[in-house]
Amino acid sequence: MEALDFKDIQPVRDMTSLLELARLIAQVGGPKKVAVAAAEEAHVIEAVNEARIEGLVHPILFGNPERIRRLASELGIRTQNLEIQHAKNPAEAAELATQAVSRGEADILMKGMVQSSDFLRAALNRDWGLRTGRLLSHVLIYEAKGYDRLFFMSDGAMNINPDLKAKIQIVENAVTLAHLLGINPPKVALLAAVEVVNPEMDTAVEDAIIAKMADRGQIKGAIIDGPLALDNAVSEEAARIKGIKSPVAGRADILIVDNIDVGNVFYKSLIYFARVRGAGLIMGARAPMVLTSRADPEEVKFLSLATAVIAAERMGYVLEEAGSV
């Protein structure tokens, strides 16, 4: 089969089309190899096995082989279909999985039953890690009923209380992921409690600075505005009632929150109360990184893997395209 021409790919607007694109990529180029750090967790094994059955990935599971095989057997998964590599403990599993990606033996790095600090320490190792010099940030992708598009939210998992410089990179990482899914240019809403610049509110002031930087061309590839409250970022009716005139108001694709507390509650409210279909990736590294909560449902992990398949395939294409602008 000929390689995909991504210029013909339509923007991904929902999880169904996201899965269709991931399947098309795997059909044309074969499954992506995913290195799973400390795979001794039921939801992780279920997700990678489902993605394997779909033909999306070839999983390489690092961890305790006996525990992995026992869990797989309990789930009714044939262990002969799984490539398992021994690691003495979760920290070593993270190191071995990261090294596999760094050497080009795998395309995607996924976190299993390992502490996030150990996982990220391996991923950022100076000698064999996946660092690029950019900030790492988490981007949630989700679909919501009544909307004609996917939403992106960042950062609810990585950066605790980012300063202005970090927020700019969080915006850029989210914009990159939107580009990978064919959404170009995405509309970015910088969220605050109000939609006016209040000098006493640091969030509103920083949002206004980032929006002006985008106006001046210092942040490229997106239409950015802020501060905006959540209602007038996603509801054209709310924006109209409040008299907000902005190309982003009511039509935002990307929602940027101020800190990890806001983002984490936002994320878990969507998953547990609204029951949305969601996925998440760590952006800013040399390869896609799947880092989900240990309590996340299997579907979140599976959809995150599907997103990573697209990102792994498209990263070089989008960077090459951006360089020609």
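This is a predicted model: local features need pLDDT of at least 70, side-chain atom pairs count only at pLDDT 80 or more; totals for chains, interfaces and linings use all residues.
The interface between the two domains was examined next. Eleven residues of domain 1 are in contact with 16 residues of domain 2. Interface size is often expressed as the accessible area lost when the parts come together. Here, about 1100 Å² is buried between domain 1 and domain 2. Carbon and sulfur atoms give 66% of that area. On the domain 1 side, Val12, Arg13 and Met15 supply 51% of the area buried against domain 2, more than any other three residues. Helix α1 (residues 15–29) gives the most to the side of domain 1 that touches domain 2, with four residues. Four residue pairs are in polar contact between the domains, both residues at pLDDT 80 or more. The count of salt bridges between domain 1 and domain 2 is zero.

Nonpolar side chains tend to be buried together in soluble globular proteins. The largest nonpolar core of the model holds 65 residues. Within this core, Leu56, Phe152, Val188 and Ile224 touch the most other members. Helix α11 (residues 298–323) is the leading contributor, with nine residues. Domain 1 (10–132) and domain 2 (135–284) each provide at least three residues to this core.

Phe152 illustrates the packing. Beyond its neighbours within four places in sequence, Phe152 is in contact with Val139, Leu140, Ile141, Leu177, Ala178, Leu181, Ile183, Asp253, Ile254 and Leu255. A second, separate core comprises 26 residues, including Ala35, Ala37, Ala287 and Met289.

Methods: Residues are numbered from 1 along each chain as its sequence is written. Side-chain values use heavy atoms; hydrogens and water are left out. A nonpolar core is a set of buried Ala, Val, Leu, Ile, Met, Phe, Trp, Tyr and Cys residues joined through side-chain atoms within 4.5 Å. Buried means under 20% relative accessible area, exposed over 50%, partly exposed in between (1.4 Å probe, protein chains only). Helices (H or I, at least four residues) and strands (E, at least two) are DSSP runs, numbered from the N terminus. Domain bounds come from an automatic or database domain assignment. Contact means heavy atoms within 4.5 Å. Buried area is the accessible area (1.4 Å probe) that two parts lose on being put together, summed over both. A salt bridge is a side-chain nitrogen of Lys or Arg within 4 Å of a carboxyl oxygen of Asp or Glu. A polar contact is a pair of N or O atoms within 3.5 Å; within protein, one must be able to donate a hydrogen and the other to accept it, and residues adjacent in sequence count only if both atoms are side-chain atoms.
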